[in-house]
Amino acid sequence: MEQTPDRKRVQEFARKLFGHYTSGMLTMMVDIGHKTGLFEALATAPDTSQRIADRAGLDERYVREWLGAMVTGGIVQYDPGSETFALPPEHAVCLTGTSSRNLGANSQVLSMLARRLPRVVECFRNGGGVPYSEFRPDFTEYQDASWRLLYDGLLIKGFLPLAKGLPERLAAGIRVADLGCGTGHAINLMARDYPASTFIGYDIASDAIEHGRAEARSMGLTNARFEKVDVARLPAQPKFDLITSFDAIHDQRDPASMLRAAAVALAPGGVYFAVEPRASSRLEENVANPFAPYLYGMSVLHCMTVSLAEGGAGLGTAWGEATARKFLTDAGFTSIDVVDAPGPQNSVYICRR
Ligand SMILES: C[S@@+](CC[C@H](N)C(=O)[O-])C[C@H]1O[C@@H](n2cnc3c(N)ncnc32)[C@H](O)[C@@H]1O
């Protein structure tokens with residue numbers, strides 16, 4: 001027998017649904033604030049919409065409407081008496097400056113993904129996927145912007161020390177490869193801080209690799225280089241003492257071959273250090289994770305579809321620890337330690353053969 005929907009619960013759900021739409025809208029408003037320098041202008045001092053607009057060199061009418069969204073969204077405070085707007089210092093930490101706690105750049109994820117939404121809808125109907133090439137060049141830009149400050153603030157002091165003895169080995173001089181290096185900022189930072197070690201970044205994306213090379217040149221690095229390589233076909237030689245991958249397994253066409261190749265390319269005593277989204281492989285265990293809808297959405301709109309576009313495994317962003325452990329074990333790693341990365345989103349897999 002058909003159940004009659006409970007009116008109160010319908011209302012509650014409708015409210016919740018509109019809350020989700022509102023969060024999406026606010027994300028795009030944050031994106032605009034980040035791109036136009038409005039958060040920096042606000043952080044300077046509480047002010048009227050006109051003076052904030054002037055400070056940022058923007059049109060006041062647009063800024064005032066944007067401030068409406070910011071105030072009602074709980075991001076900016078408004079004093080009706082003086083008609084001034086203020087960014088609380090705690091919010092400024094998350095939206096301005098160069099610390100890894102500035103999340104402003106991450107907001108561009110929505111507009112970047114939304115541009116491919118019609119193509120993904122086609123895939124729901126016909127199968128297949130949207131290839132990486134259709135996400136360039138703005139995916140490269142987004143990925144760089146959303147990880148750059150994290151690497152700046154936490155790679156050397158937060159991530160690498162999670163593998164016992166690794167900073168000391170890097171300081172003494174070892175051979176390092178980063179698989180799916182993107183724009184190569186991680187490689188370049190490590191090369192700068194560990195001049196006795198040599199570094200190579202591999203990626204299939206020419207635009208990303210070029211970015212990495214240009215940055216290495218501008219930093220005057222002689223121990224960092226980049227090559228366009230399909231990491232599923234990484235050769236057994238040369239050997240590396242450290243292989244890293246940052247957010248670069250789950251969207252591979254052939255992650256099993258990539259991991260086997262990484263295991264084979266490790267020198268005796270070598271370490272594979274992989275950063276992947278923190279999730280369970282079981283849907284029911286992700287229900288309490290507030291970031292899980294983000295991971296599954298990111299997967300549908302990018303990570304899974306780029307893999308499926310090539311007839312790949314389509315593991316998805318929330319492939320999770322159990323599946324990752326199975327892939328790593330099948331690849332030949334016998335010791336796999338999983339630790340929390342700094343911040344709530346990622347886990348680090350520290351693997352040895
Ligand atoms: C999510 S991005 C991560 C990039 C980078 N590690 C970072 O932290 O910004 C994944 C990267 O893997 C690269 N990639 C995907 N499949 C690849 C393959 N078969 N061989 C080499 N790189 C690949 C993509 O081009 C992309 O740059």
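I'll start with Gly-153, which has 41% relative accessibility and therefore counts as partly exposed; the cut-offs are buried under 20% relative accessible area, exposed over 50%, partly exposed in between, with a 1.4 Å probe and protein chains only. This is a predicted model, where local features need pLDDT of at least 70 and side-chain atom pairs count only at pLDDT 80 or more, while totals for chains, interfaces and linings use all residues. Residues are numbered from 1 along each chain as its sequence is written, and side-chain values use heavy atoms, with hydrogens and water left out.

Gly-153 sits in helix H8, residues 138–159. Helices (H or I, at least four residues) and strands (E, at least two) are DSSP runs, numbered from the N terminus. Ser-99 is 54 residues away from Gly-153 along the chain, yet their C-alpha atoms are separated by 6.3 Å.

Next, Ser-307, in helix H14, residues 292–308. Ser-307 counts as buried because its relative accessibility is 0%. Leaving out residues up to four places away in sequence, Ser-307 touches Asp-251, Gln-252, Arg-253, Gly-312, Ala-313 and Gly-314, contact being heavy atoms within 4.5 Å. The Ser-307 side chain also reaches the backbone nitrogen of Ala-313, at 3.3 Å. A polar contact here is a pair of N or O atoms within 3.5 Å; within protein, one must be able to donate a hydrogen and the other to accept it, and residues adjacent in sequence count only if both atoms are side-chain atoms.

Now the ligand. Which residues come nearest? Arg-136 places a polar side-chain atom 2.6 Å from a ligand oxygen atom. On the backbone side, a polar atom of Gly-180 is 2.7 Å from a nitrogen atom of the ligand, and a backbone N or O atom of Ile-204 lies 3.3 Å from a ligand nitrogen atom.

Last, the second largest pocket. Its lining has 13 residues, with Thr-198, Phe-199, Ile-200, Arg-225 and Phe-240 nearest the centre. Strands E3 (175–179), E4 (198–203) and E5 (224–228) each give two or more residues to that lining, and E4 gives the most, with four. A pocket is an open set of points on a 1 Å grid over the protein atoms alone, where a 1.4 Å probe fits, with protein on both sides within 12 Å along at least five of seven lines; lining residues have an atom within 4 Å of a point.
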